[in-house]
Amino acid sequence: MDLNNIQKYLLKEIADMEGTPDGAYNIRSDSCAIDRKSTENVEITSKEIGSGLDIKIKPNTKGETVYIPVVISKSGLKEEVLNDFFVGEGADVTIVAGCGIDNCGNDDSEHDGIHRFFVGKNAKIRYVEKHYGSGDGKGKRILNPVTEVYMEEDSYVEMEMVQIKGVDDTTRTTVADLKAGSRLVVRERLMTHGDQKAFSVYTVNLNGEGAGADIVSRGVARDDSYQKLDLKIVGNAACTGHTECDSIIMDNGKILAVPALEANDVDASLVHEAAIGKIAGEQLIKLMTLGLTEAEAEEQIINGFLR
């Protein structure tokens, strides 16, 4: 691949990519596919209508990684992309996605990515999605990801959703439907600063006996930024669901957590935990006695919290 320095930088931040990755991949930059490769077990094709991809993973595919990153470096560019992932029965794969926007201009740049996962019986996927913004322009960096997960019996999905720096506005929407014996695990990490705004909306439907979900969101709101988390789990069968919102508020930041649990079956067991607070003074003092400044101590605590 012939990449410029900005593309290389963004791909490193969002996908830990350096050079051509092993396995199947599609790399998108400024609304164009710049490189793509399918493998024997993973087929990546463009949609016939609209912008996006169909990613088909054969049944019983094991140990492969699929890379689907997006980078934007043009100010004023706005796009919507729909990617569908079809994961065959018994497969066990990792999918690395995410988007990085570098905006050095005065116009807003925006990527609205819709990812739909159709996960077969007994299949297992690990999904990593990182969002990142950079550039010194006045135009905003806007990311609005939509994630839909449809899980067949006894499947397993683990999702790592990360947004740590540079995204001015985001609405993050996740919807999941789980059949019997399936399990969804989500770990969201989010930091806002300046006057950034971030909204996370989750709706998880546990529709089959033995289905389970464990959703944990950790956030840090600094400066004048704002975060809102709407997290809903619906138990429609004998199932287990756990949600947790754990947040640190700093400066003039604001955080609103809105948990919702809906039990429609007598054997649905649903639990929510939430905590919002500032960094404890004794934590700062302990680190400062080791020679760190107050600012350095705060960064150490935040880095550990969001790890």
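Leu256 sits in strand β21, residues 254-263. Strands are DSSP runs of E with at least two residues, numbered from the N terminus. The model is predicted: local features need pLDDT of at least 70, side-chain atom pairs count only at pLDDT 80 or more, and totals for chains, interfaces and linings use all residues. Residues are numbered from 1 along each chain as its sequence is written, and side-chain values use heavy atoms, with hydrogens and water left out.

**Leu256**
- Leu256 has 36% relative accessibility, so it counts as partly exposed. The classes are buried under 20% relative accessible area, exposed over 50%, and partly exposed in between, with a 1.4 Å probe and protein chains only.
- Leu256 and Gly137 are 119 residues apart along the chain. Their C-alpha atoms are separated by 29 Å.

- Asp30 is not a glycine, yet its phi is positive, about 50°.
- Asp30 lies in the loop between β1 (24-29) and β2 (32-37).
- Asp30 is buried, at a relative accessible area of 13%.
- Asp223 is also a residue other than glycine with a positive phi, near 55°.
- The loop between β18 (212-221) and β19 (226-235) holds Asp223.
- Asp223 is partly exposed, at 34% relative accessibility.

**Negative surface patch**
- Asp223 belongs to a surface patch of negative charge, together with Asp195, Asp224 and Asp251.
- Patch members have over 30% relative accessible area and no salt bridge; like charges are joined within 9 Å, and nonpolar side chains (Val, Leu, Ile, Met, Phe, Trp, Tyr) within 5 Å.
- Accessible areas come from the Shrake-Rupley method with a 1.4 Å probe, and for residues only the protein chains shown count as cover.
- A salt bridge puts a side-chain nitrogen of Lys or Arg within 4 Å of a carboxyl oxygen of Asp or Glu.
- Asp and Glu count as negative, Lys and Arg as positive; His and the chain ends are not counted.
- The charge is placed at CG of Asp, CD of Glu, NZ of Lys or CZ of Arg.

**Cysteines**
- The search of the whole structure finds 0 disulfides, a disulfide being a pair of cysteine sulfur atoms within 2.5 Å.
- Cys104 is in no disulfide. The nearest cysteine sulfur belongs to Cys99 and is 15 Å away.
- Cys104 is exposed, at 51% relative accessibility.
- Cys245 is buried, with a relative accessible area of 4%.

How values were computed: Helices (H or I, at least four residues) and strands (E, at least two) are DSSP runs, numbered from the N terminus.
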